[in-house]
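Please read the following note alongside the sequence and the structure. It concerns the ligand and its surroundings, and then a pocket.

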Amino acid sequence: MKAFYLLQTLGTVAVILVMIIVWGVPLAPTLLFYEWLTEIFSSSNKWVDALYTGLSLSSSVIFYCFSLLLFSSLLQFVLHIRIKEKSVFPLASFTTIRWAFCGQIIRATQPILQHFVPSFVSNLYYRICGAKIGKKTQINTHRLNDPCLIRIDDGCVVGGGATFNGHLVEKGEIVFAPIHMKAGSLVGAGATVQPGVTIGENAVIASHGLIPKYRTIPQNEVWGGLPARIIQSSSERREMNS
Ligand SMILES: CC(C)(COP(=O)(O)OP(=O)(O)OC[C@H]1O[C@@H](n2cnc3c(N)ncnc32)[C@H](O)[C@@H]1OP(=O)(O)O)[C@@H](O)C(=O)NCCC(=O)NCCS
């Protein structure tokens with residue numbers, strides 16, 4: 001137990017160091033940007049000056065958000081684990097440490113990312129982080145927790161606050177398994193998708209449903225609940241829509 005607490009303390013120190021780097025590096029270009037803005041205009045009228053300072057500051061905050069998203073996604077692009085199928089690793093392994101670093105970088109970015117979903121900005125962020133995202137796909141969540149293990153095909157929708165986890169810790173080991181949403185499928189608001197799940201073409205996961213690990217949802221079906229069960233078969237759905 002003593003060894004665990006020591007490890008936890010060392011881990012906390014490492015996390016703080018990661019935050020200093022992830023939040024601090026994008027501040028450097030932001031400070032230069034703010035300095036440049038304040039140099040190009042000044043007024044002797046204090047109200048005009050105050051208004052300009054306010055707008056410069058808010059522009060700099062937006063600039064900082066973009067810098068953070070870019071820096072964070074590039075770090076993850078370099079560090080993320082490269083896994084194509086279900087894989088199991090000991091907790092004390094180089095792969096687990098790499099994944100944990102990426103996880104911490106993701107957590108440090110989520111407070112900013114949540115203001116950019118759904119948009120081309122967040123889709124681009126997820127793509128650089130390693131996710132495969134198709135065309136005309138709307139991702140309205142900042143909780144794709146393991147982007148490098150997630151593939152979302154064309155025309156899909158992910159509802160607000162949905163959570164995707166490509167990993168889980170089981171029996172003292174860490175398991176990674178890719179998640180695949182096929183074309184036209186929808187994951188409802190607040191739903192949870194666990195590792196190794198495949199969601200078939202045009203299938204729907206009801207809001208707040210939980211899809212347990214390694215489950216395959218057949219195409220055109222509607223599933224919901226905790227854990228999710230079938231709500232509408234594809235034939236029932238066809239009848240309702242005809
Ligand atoms: C599941 C869903 C597709 C069903 O919608 P629908 O086809 O209009 O069907 P109904 O509302 O008539 O409900 C059909 C059955 O599903 C059940 N149901 C509805 N929503 C459910 C949910 N979130 N979880 C579990 N069961 C649900 C209903 O109780 C009903 O059961 P019953 O037949 O035993 O009475 C819809 O409720 C849903 O969750 N859509 C996701 C929307 C979303 O989050 N979009 C994200 C972008 S905003």
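1. The ligand is surrounded by Gly159, Leu186, Gly188, Ala189, Val204, Ala206, Ser207, Val222, Gly225, Ile231 and Gln232 (a residue is near a molecule if one of its heavy atoms lies within 4 Å of it). This is a predicted model, in which local features need pLDDT of at least 70, side-chain atom pairs count only at pLDDT 80 or more, and totals for chains, interfaces and linings use all residues. Residues are numbered from 1 along each chain as its sequence is written, and side-chain values use heavy atoms, with hydrogens and water left out.

2. This shell holds six nonpolar residues, five polar and no charged (Ala, Val, Leu, Ile, Met, Phe, Trp, Tyr, Cys and Pro count as nonpolar, Asp, Glu, Lys and Arg as charged, and the others, Gly among them, as polar).

3. An oxygen atom of the ligand lies 2.8 Å from a backbone N or O atom of Ala189, and a polar backbone atom of Ser207 is 2.9 Å from a nitrogen atom of the ligand. For Gln232, a polar side-chain atom lies 3.3 Å from an oxygen atom of the ligand.

4. What does the lining of the largest pocket contain, by class? The lining has 14 nonpolar, 10 polar and two charged residues. α4 (94–113) is among the elements that supply at least two residues each, and α4 gives the most, with 10 residues (helices are DSSP runs of H or I, at least four residues, numbered from the N terminus).

Note on methods. A polar contact is a pair of N or O atoms within 3.5 Å; within protein, one must be able to donate a hydrogen and the other to accept it, and residues adjacent in sequence count only if both atoms are side-chain atoms.
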